[in-house]
Amino acid sequence: MFRTSVRRFTTTAWRSAEAIAQMETRIKRNIEISKAQRIAQRGLVDAIGNTPLIRMNHISDQTGCEILGKAEYQNPGGSVKDRAALFVVEHAEKQGLLRAGGTVVEGTAGNTGIGLAHVCRSKGYKLVIYMPNTQSQGKIDHLRLLGAEVYPVPAVAFENPENYNHQAKRHAESMNNAVWTNQFDNTANRQAHIETTGPEIWYQTEGKLDAFTCATGTGGTLAGVTRYLKEKSDGRVKSFLADPPGSVLHSYIQSGGKLTERAGGSITEGIGQGRVTDNLKPDIDLLDGSVHIPDEETIAMVYSCLDQEGVYLGASSCLNVVAAVKVAQKLGPGHTVVTMLCDGASRYAERLFSRKWLEQKNLLTSIPKGLEKYIVLP
Ligand SMILES: Cc1ncc(COP(=O)(O)O)c(C=O)c1O
């Protein structure tokens with residue numbers, strides 16, 4: 001009896017010593033490879049980027065490919081746009097356009113404003129945001145809560161001088177020590193992805209990736225990541241635009257460069273474009289193709305990412321994930337495809353998980369069988 005329990009004790013003790021040693025090796029290794037865990041010496045701005053690259057287990061197993069999502073929702077402002085926000089502000093500083101106590105002005109209805117608000121607070125700048133007055137009170141409140149001065153203005157076409165972008169530009173021009181960061185055509189935005197997102201993906205995969213895909217708003221992410229990965233891999237890594245309904249870029253690419261009128265719309269926010277921005281222009285010819293993703297597939301992926309992968313993602317991220325599956329199917333088993341998980345679902349939860357909203361958008365029947373339990377809002 002005594003001998004048995006001694007034996008049991010020593011075996012357990014040996015096992016746990018071995019387990020501890022293994023755990024310590026694992027921790028050491030992770031600490032070595034995870035530079036992201038260093039102290040963010042310059043404050044919050046140093047905590048932007050270095051996001052995890054998550055294997056999407058279910059769809060990877062289903063396609064026989066490795067489908068990896070860059071967890072941009074882990075940025076301090078909760079989205080991929082923190083990277084662009086930091087680079088446009090630091091570009092203005094380097095150009096001498098912004099000095100201590102200065103003001104940043106931008107036209108944005110979404111994540112760029114939130115990213116800018118965090119960067120501006122951290123660096124001591126004021127932030128002024130112009131946005132179309134069709135945006136939700138929630139978005140206005142969020143920006144005001146982060147210290148921004150917000151001007152909701154009538155939603156008019158870009159050609160109209162009262163469009164929110166032109167008003168933002170004029171506001172900055174009317175002040176001293178103020179800059180309009182112009183996210184759509186300021187290529188410091190694309191540069192953020194050449195210098196950070198692209199290299200992170202390359203080093204996280206140790207260069208073993210075959211394709212990248214994502215949608216575009218300003219085009220900064222797709223252009224910058226594509227440029228970096230193409231150069232680093234001597235053109236081996238393929239890159240595909242993912243496009244929502246209401247955007248002209250898919251047909252632009254498929255037709256070999258014909259720009260059509262914008263028509264229709266999508267449930268996705270922050271993506272879809274009516275023109276080729278200055279951020280996208282230098283790199284659009286590097287693309288290997290494009291995929292059009294209907295809202296029905298995007299909304300189904302919102303629910304299955306939550307249920308099967310455990311990730312709570314906004315619609316633009318889920319459109320990217322659908323695109324990554326299509327690219328994986330096109331390339332065949334054994335390939336690695338990377339995409340962007342741009343932001344989380346909380347900003348859109350009132351809509352994405354509301355029965356009434358899904359019915360209004362004719363999307364209720366697109367929710368996969370058995371996942372209706374996530375429609376928790378009336
Ligand atoms: C949620 C979301 N996804 C994707 C994008 C597109 O990123 P980019 O502007 O780099 O094309 C944006 C841009 O605002 C966004 O807010």
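Asn50 is found in the loop between helix 1 (2-33) and strand 1 (53-55), where helices (H or I, at least four residues) and strands (E, at least two) are DSSP runs numbered from the N terminus. The model is a predicted one, in which local features need pLDDT of at least 70 and side-chain atom pairs count only at pLDDT 80 or more, while totals for chains, interfaces and linings use all residues. Residues are numbered from 1 along each chain as its sequence is written.

Although Asn50 is not a glycine, its phi is positive, at about 50°. Most residues other than glycine have a negative phi. Asn182 likewise has a positive phi of about 50° without being a glycine, and its place is in the loop between strand 6 (178-180) and helix 7 (188-204).

An open sheet with mixed pairing is formed by 6 strands in the order 1-2-10-7-8-9, two strands being paired if DSSP finds at least two bridges between them. Its edge strands are strand 1 and strand 9 (289-292), each of which pairs on one side only. From one strand to the next the twist averages 25°, with axes taken as lines fitted to C-alpha atoms, for helices over the stretch in contact, and angles running from 0 to 180 degrees between N-to-C directions.

Helix 8 (residues 220-232) packs on this sheet and touches strand 7 (211-214), strand 8 (238-243) and strand 10 (336-341), contact between two residues meaning that their C-beta atoms, placed from the backbone, lie within 7 Å. The direction of helix 8 makes about 170° with that of strand 7.

## Pairing around strand 2

Strand 1 and strand 2 (residues 66-71) pair in the antiparallel sense over 3 bridges, and Ile54 stands opposite Gly69 in strand 2. Strand 2 also pairs with strand 10, in the parallel sense and over 6 bridges, and there the bridge partner of Gly69 is Thr339 in strand 10.
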